[in-house]
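Please read the points below alongside the sequence and the model.

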Amino acid sequence: MNARPRAAAALLGAACLLAPAAVSGQTGPAARTSRAEDGRSHLAITVYNSNLGLVRETRRIELPAGVTELRYMDVAAQINPRTVHMASLTDPARLRVLEQNYEYDLISPEKLMERFLGRTITLVFGEGGERPQPRQEQAKLVSTNGGMVYEIGGAFHVNPPARPVLPEIPGGLISAPTLVWLLRSDRAGEHRVETSYLTGGLTWSADYVAILSGDDARLDLTGWVTLDNGSGASYHDAKLKLVAGDVHRAQPPPEAMAQQRTLAMAADEKAFAEESFFEYHLYTLERPATIKDRQTKQIQLLEGTGVPVKKIFLLAGQPGFYRGRLGQLGTDRKVAVELELANTKNNGLGMPLPGGIARLYKKDASGSLQFIGEDLVKHTPEDEKVTLHVGDAFDVVADRTQTDFRAVSAGRYDAEVAFQIRIRNHKDEPVTVTVREPVAGDWKILQASHPHAKLDAFTIEFQIPVAPSAEAVLEYRVAVDWR
């Protein structure tokens, strides 16, 4: 904060007094003001993953016949005014919008003082000090640049210890962002007006908590929706919907972008109803929700108990291993640990899962939960698999050695490459390690100590069983063609 705002805030703050007076600039057609607490009858919020929310509300508004200026208050501070739609539900043909303005020049101590440059105001001295009675002086404000400079009785005072008293709110300054419509109504009476707009500052994400069983064969999965509201408005008793999926949004040209203004906890079993919507998924909270401004709210999305899970030890290679002479590859020692589960109704799930972070826990010997890892869950439809990378195994290690590299001068393939992979299991139980080898180009297994599977055009996979406290050795030779 620079010296100018600090000085203004110190002089004004909550102590700055506005003397009773009419706010300037209130001429024109008949004026009406609509506030949410006076006439709102319906409110619905749809929140997207991408810092975007759709606000739809219905209000009752009394309008005279003819042209009226309607000040529509209690809208989001991050509203996109280009997206506003307003229509009468009572009589659409008899109410027209002639003009729309979005006013966001909000009152602040700095802006107030800038509007009174060159004008005479009242300064109150002596409040809170030893003087028994405060003293008032008429002072002309001559500068707000880096502080307040006043002319009092022909002398100039810099940041005097006084409280300014202003006679009015200058025209154009408002206390909250406001939509101002110029309306023409063919009849007098009440209209039920529906308004919708897009706003920034609303976003949601999914988080999952998974508790793994002692034998690593099952887990209890709880999904939470985390909703963040920084839109600059509160939404009371709103119908809440969440859209999961990647919604395309057009980006304005750079010059247009440069002009733009730059834990409460709740749990409810089966709180959300899910449905397909276009190419996305829509989750509807089956009760009204209050979402306060600058609040993070969490609501339970799903709960699955005893979900079967498959534990996978995975050793993955690299395509570059097949393009040159490498010898000992000592860096390739980490064996990843993954958990795989099926998102099916038979497993206690079966709801399309929105993307989010899954955090996994397991009880130790004393019964205390310990954090064992986390991974990102992608948007996962029903009946698809979820694979979570938990971490790297401590007691299962591997060494890889390129035992031969031979360029082939004639024939279909460019080279023959041979590998030896030694896998050591330091556990007291057997494990099976999946060795997954990505091979760029065309390839053919010439010799292998273990059976292999061709997962796709570029991937070889081996399943290597390793006994407790033992070692298993995988050896194979492959011909490769990079053309």
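The points that follow concern aromatic and charged side chains in this predicted model.

1. The model contains six aromatic pairs. In one of them, the ring centres of Phe-462 and Tyr-476 are 5.1 Å apart and the planes meet at 35°, so the pair is tilted. Phe-462 belongs to strand E34 (residues 459–466) and Tyr-476 to strand E35 (residues 470–481), 14 residues apart. Both Phe-462 and Tyr-476 are buried. Together with Phe-321 and Phe-419, they form one aromatic cluster.

2. Arg-400 lies over the face of Phe-419, at 5.6 Å from the ring centre. Arg-400 also forms a salt bridge with Glu-437, with 2.6 Å between the closest N and O atoms. Glu-437 is in strand E31 (residues 431–438) and Arg-400 in strand E29 (residues 396–407), so this bridge ties together parts that are 37 residues apart in sequence. Glu-437 and Arg-400 are both buried.

3. Salt bridges number 24 in the structure. One of them joins Arg-40 and Glu-57, whose closest N and O atoms are 2.7 Å apart. Arg-40 lies in strand E3 (residues 40–48) and Glu-57 in strand E4 (residues 52–63). Arg-40 is partly exposed, at 21% relative accessible area, whereas Glu-57 is buried, at 1%.

4. A salt bridge also connects Arg-424 and Glu-471 (3.7 Å, N to O). This pair links strand E30 (residues 415–425), which holds Arg-424, with strand E35, which holds Glu-471. Glu-471 is partly exposed, with a relative accessible area of 36%. Arg-424 and Glu-471 belong to a network of salt bridges with Asp-399 and Arg-422.

Conventions
Residues numbered from 1 in each chain as written. Predicted model: local features only at pLDDT ≥ 70, side-chain atom pairs only at ≥ 80, totals over all residues. Heavy atoms only, no water. Phe/Tyr/Trp six-rings, centres within 6.5 Å; stacked < 30°, edge-to-face > 60°. Helix = DSSP H or I, 4+ residues; strand = E, 2+ residues; numbered from the N terminus. Buried < 20%, exposed > 50% of the residue type's maximum accessible area, 1.4 Å probe, protein only. Lys NZ or Arg CZ within 6 Å of the ring centre and 35° of its normal. Salt bridge = Lys/Arg side-chain N within 4 Å of Asp/Glu carboxyl O.
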